[in-house]
Amino acid sequence: MEDQKLMLDLLYQMLLIRQFEDKAAEMYAKGKIAGFLHLYNGEEAIAVGAVAGLREGDLLVTHYRDHGHAIAKGADVKRLMAELFGKATGVCKGKGGSMHFFDASVGMLGGYAIVAGHLPLAVGLALAGDYLGKRQVVLCVFGDGATNHGYFHEAMNMAALWRLPVVFLCENNLYGMGTALKKASAVQEISRKSQAYDIPGERVDGMDVLAVREAVAKTAERAREGWGPSFVEAVTYRFRGHSMADPVFYRTKVEEEAWRAKDPITLFQQKLEAEGLLTPEEFERLEREVEEAIQEAVRFAEESPEPPLEALYEDIYAQP
Ligand SMILES: Cc1ncc(C[n+]2csc(CCOP(=O)(O)OP(=O)(O)O)c2C)c(N)n1
Ligand SMILES: [Mg+2]
């Protein structure tokens, strides 16, 4: 087993995301957060594993379920919470909200709300990096639903044609809003869709942080060496509804319970304990440390100012 410190850091990151999401749900219920809120509970191993497979300077673009990716990429949870609260200290000055986290300083180039709309952006970023000779990989994260859109196919085709350094990472959580994958996609094993473009594809257990890390590290190095894009499908499950507005009538409790038994945090905790890298006391200490960081984030968000009225006219393309 590798370096204990690294393993504990992966666990810490997953706990940080889980508690950030639980706190966000609580703050949403209290009316502190407005707009849409899509939570990432259950899928933490993907963001944390994937980012661990990248190198510093690599870029990430993702969809609207973006909190986990921003946290894993290293954005400050205080500024992320402030963004949810619509405060001026947020990563987008309070104007982006949950679906549009963005922090260029850590290579997190956005959450995007239009399903599959960011895939061409990822390809463009990879083209720019390639053109500038940066040896930079773009990790592009999206859901299973996105793979039925035209943009997905256009982006895959162009990335393959021009051998661009993109890792396409599909979070297959078996549903797109309330529609099961079975009812939306002609192909169930999504990684096979990459074959149409001669892009190597593989399917991994999205509840296993190390499996995701290994797959992304391998494909990112392949891209960096000039061999072009790859496709990784990580199979997972979202423990909560699509968004906070979703009563989740479309799936059974039995199915939910079966997936909860594969909680990526518990599985990794058990693995580390079995290998003698973690004790239950250390786990509790980590949990407390994360709790403090999240409390601090909420305090920061609460105490931060609202954006001033004039900010309405800043950061826009055209002056009114
Ligand atoms: C082009 C477009 N069509 C429809 C929507 C509404 N919509 C938002 S999320 C979503 C489901 C996407 O599912 P998936 O890609 O599997 O991601 P998940 O939410 O499961 O992570 C839909 C249809 C949208 N945002 N953009
Ligand atoms: Mg989905």
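**Helix packing and sheet order**

In this predicted model, V77, K78, M81 and A82 of α4 meet A293, I294, E296, A297, V298, F300 and A301 of α11 (contact: C-beta atoms, placed from the backbone, within 7 Å). The residues of this contact divide into 9 nonpolar, no polar and 2 charged (Ala, Val, Leu, Ile, Met, Phe, Trp, Tyr, Cys and Pro count as nonpolar; Asp, Glu, Lys and Arg as charged; the others, Gly among them, as polar). Helices are DSSP runs of H or I with at least four residues, and strands are runs of E with at least two, numbered from the N terminus. Residues are numbered from 1 along each chain as its sequence is written, while chains are lettered from A and ligands numbered from 1 in the order written. Local features need pLDDT of at least 70, side-chain atom pairs count only at pLDDT 80 or more, and totals for chains, interfaces and linings use all residues.

The axes of α4 (residues 77–84) and α11 (residues 280–303) come within 8 Å and cross at roughly 50 degrees (axes are fitted to C-alpha atoms, for helices over the stretch in contact; angles run from 0 to 180 degrees between N-to-C directions). Helix α4 is therefore oblique to α11 (under 35 degrees is roughly parallel, over 145 roughly antiparallel, 65 to 115 roughly perpendicular, the rest oblique).

An open sheet of 6 strands has the order β2-β1-β3-β4-β8-β7, with parallel pairing (strands pair if DSSP finds at least two bridges between them). Strands β2 (108–112) and β7 (201–205) form the edges, each pairing on one side only. Strand β7 runs parallel to β8 (residues 230–235), joined by 5 bridges. There, D205 stands opposite V235 of β8.

How values were computed
Two residues are in contact if their C-beta atoms, placed from the backbone, lie within 7 Å.
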